[in-house]
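Please look over the model shown here. The report below goes through it by topic.

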Amino acid sequence: MQKLPVILFFAGAISLGNSLVLAQNKKGGAVQDQEFVIRKDRVLTVPTQPRSFERLPVLPQPKGIAEFNYTVTPFFLNLPALNLQPTALEKNYRLPNRELYNGFIRAGYGNFASPLLEGRYMSTTADPFNYAVKFKHQNFGKGPVAAEQSSESHTVFGADGSYFMDAVEIFGGLNWGQDKYSFYGVNPILFENPNLPFETNNNVLNNFQVKAGFRDIEKTGTISYEGQFSFRNFRDSYAVKENEVGVQAGLKFRTDSDWSGKVDFNYFHTNPNDINYQEKRNYFSIRPRILYNYEAFQFTAGLNLVSENDPMPDKSSDFRIFPVLKASYQFADEFGFYGEFSGDVQRNTYFSFVNENPFLGPSEQLLNTINNYKVEGGIEGQFQEAFHYRAGINVSRFNNLHFFANSFADSSRFEIVYDDKSTVFNINAELGFKISEVYSLGSRLDLYQYDLNTQPAAWHRPLWEVRVNNQFTPFDKLLVQANVNFMGGLKARGNSVIETNPPRVEVVNLKTIADLQLKADFKISNRLSIFAEGNNILNGKNTRWLNYPVRGIQLVGGASFKF
């Protein structure tokens with residue numbers, strides 16, 4: 001504090017000196033007489049300033065440049081356009097090492113004197129012509145009863161070809177098949193007593209089919225189309241002959257939105273001949289559909305317009321119209337529902353009947369099945385793309401639902417019988433599972449209930465079915481399949497009539513069918529592999545048709561070769 005007066009004294013003197021100099025300059029440079037009084041005992045005091053403890057204010061953050069304006073001065077230069085000449089990059093891309101084989105042949109032999117021979121040959125290129133041929137023959141020289149008296153054989157030969165143009169594929173094919181069966185379903189007493197000789201009748205079924213058509217190749221344009229002409233001839237060893245001419249066509253419409261549509265046309269003219277009938281049957285149908293897909297919702301609406309000329313009592317018209325409504329919604333991958341309400345006419349021919357029951361004999365009439373309505377609904381879903389399920393309920397009303405019943409004249413042959421008004425209830429469930437390429441499982445359960453009007457029972461139709469299919473690939477060279485099929489609740493019409501008022505036929509309850517199948521294929525090399533197949537491993541009688549037990553344990557083994 002003592003230095004402060006001295007500092008102020010000298011500061012005042014310097015300031016006063018400067019004032020005098022300025023005054024002299026202003027008065028033309030003359031110096032005036034002045035008197036100065038200097039007091040040494042005077043002390044200047046300054047009050048104490050308190051220290052400030054306030055925080056420094058926060059400085060505003062600098063902002064970026066909001067706008068940056070600049071001026072671009074265009075310069076126009078007269079330069080010629082570049083003349084670019086692109087050239088393809090020459091690089092050798094290595095194709096995947098996939099060895100394709102044109103031909104395949106498989107041969108084997110098993111018990112029941114059963115040789116097996118199968119072969120296929122096809123072209124490995126599709127431009128512009130592609131073709132394929134196939135052949136298979138399997139014979140069973142001995143059957144389940146009386147050895148050769150119940151023999152069976154199957155032979156098929158087929159060829160297909162396609163010619164590809166810019167936008168259209170022209171295709172065609174032919175198929176010939178022959179199946180030989182024996183009517184060994186005679187009185188079982190004859191089989192049980194070897195001292196009673198008997199001889200069964202054989203029936204050889206021959207069919208020849210040819211087809212030709214065209215279709216578009218892209219399948220992605222606004223319209224897709226397909227047309228086909230077909231002819232089929234069928235005959236057996238007796239009086240059955242059936243010729244069929246068919247024309248089929250279809251159109252599909254696609255839009256850029258969620259709507260699409262299609263329409264199918266079908267016409268068949270069938271000329272069956274048997275002992276009891278000779279008919280000319282016509283079947284024509286138009287099936288338009290409109291489809292709408294929006295995210296997880298799918299909807300289908302359409303009509304089934306069908307005209308068929310089967311003679312029926314109280315038939316008002318040959319023309320029928322049925323609605324078709326289908327909808328499904330998937331809430332998530334794990335859960336969704338579906339529903340359907342529809343009707344249709346199921347076309348039946350003698351060829352379709354004999355493929356269902358090969359021991360068919362003469363019948364009175366061939367009729368189509370009228371499905372007046374079908375109401376179906378259920379749930380479905382999947383988990384992690386490995387586990388999927390489906391469960392539903394189906395209620396259908398039919399006219400002329402067909403059944404197979406043993407003939408009263410010959411118990412070894414079956415005839416077609418119909419129920420005029422039938423209601424069928426079905427509860428079904430499906431379950432599937434897949435672990436990569438190592439293991440997969442598929443299964444289905446069906447429960448049936450029949451409400452019939454004229455028939456005492458649903459002859460040879462099951463009340464329940466269970467099917468389980470397993471496929472296991474422990475390593476690349478081995479493939480194993482195990483399939484289990486169960487069928488129960490079968491009823492057959494006996495040969496006797498019970499004397500009641502009114503008389504009623506005998507109902508025979510057939511045993512549950514249990515069929516276990518095992519198949520294995522081991523690849524020795526890319527060309528050569530060996531296989532083994534086993535059917536009816538449980539050695540059950542498995543009587544699907546009354547008086548017709550099937551073969552017991554049947555084993556077939558062999559090898560296959562690619563060339």
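Where is A146 found? A146 is found in the loop between β3 (129–140) and β4 (152–164). Strands here are DSSP runs of E with at least two residues, helices are runs of H or I with at least four, and both are numbered from the N terminus. Phi of A146 is near 55 degrees, a positive value in a residue other than glycine. A146 is partly exposed, at a relative accessible area of 37%. Buried means under 20% relative accessible area, exposed means over 50%, and partly exposed lies in between, with a 1.4 Å probe and protein chains only.

N400 also has a positive phi, about 65 degrees, although N400 is not a glycine. N400 sits in the loop between β15 (387–399) and β16 (401–406). Is N400 buried or exposed? N400 is buried, with a relative accessible area of 7%.

## Basis of the model

This is a predicted model, in which local features need pLDDT of at least 70 and side-chain atom pairs count only at pLDDT 80 or more, while totals for chains, interfaces and linings use all residues. Residues are numbered from 1 along each chain as its sequence is written, and side-chain values use heavy atoms, with hydrogens and water left out.

## Overall make-up

The protein has three helices and 26 strands. Of its 563 residues, 32% count as buried. The protein exposes about 36,500 Å². Carbon and sulfur atoms supply 58% of that area. Accessible areas come from the Shrake-Rupley method with a 1.4 Å probe; for residues, only the protein chains shown count as cover.

Take the contacts in the protein with a separation of 6 or more: residues 24 or more positions apart account for 56% of them. Contact means heavy atoms within 4.5 Å.

## Nonpolar cores

The largest nonpolar core has 22 residues. Y350, F359 and L360 touch the most other members. Two elements, α3 (350–356) and β17 (414–419), each supply at least two residues of this core. The largest share, four residues, comes from α3. A nonpolar core is a set of buried Ala, Val, Leu, Ile, Met, Phe, Trp, Tyr and Cys residues joined through side-chain atoms within 4.5 Å. In soluble globular proteins, nonpolar side chains tend to be buried together.

What does L360 touch? Not counting residues up to four places away in sequence, L360 touches F183, Y350, F353, V354, F404, F414, E415 and I416. Another core, of 11 residues, lies apart from the largest one. Its members include A405, V417, W459 and V505.

N495 is found in strand β22 (residues 491–498). N495 is partly exposed, with a relative accessible area of 44%. Leaving out residues up to four places away in sequence, N495 touches N406, S407, F408, S411 and E506. N495 and A405 are 90 residues apart along the chain, and their C-alpha atoms are separated by 9.8 Å.

V245 is found in strand β8 (residues 241–254). V245 counts as partly exposed, at 30% relative accessibility. Neighbours within four places aside, V245 is in contact with F229, S230, F231, Y267, F268 and H269.

## Cavity

How many cavities of 30 Å³ or more does a search of the whole structure find? The search finds one. A cavity is a set of points on a 1 Å grid over the protein atoms alone where a 1.4 Å probe fits but cannot get out; lining residues have an atom within 4 Å of a point. Grid points are joined across faces, edges and corners, and a volume is the space filled by probe spheres set on the points.

The largest cavity has a volume of about 60 Å³. Its lining is F268, T270, R281, N282, Y283, N309, D310, R347, N348, T349 and N368. The elements that give two or more residues to this lining are β9 (259–273) and β10 (281–294). The largest share, three residues, comes from β10. By class, the lining has two nonpolar, six polar and three charged residues. Ala, Val, Leu, Ile, Met, Phe, Trp, Tyr, Cys and Pro count as nonpolar, Asp, Glu, Lys and Arg as charged, and the others, Gly among them, as polar.

Conventions. On a 1 Å grid over the protein atoms alone, a cavity is a set of points where a 1.4 Å probe fits but cannot get out, and a pocket is an open set with protein on both sides within 12 Å along at least five of seven lines; lining residues have an atom within 4 Å of a point.
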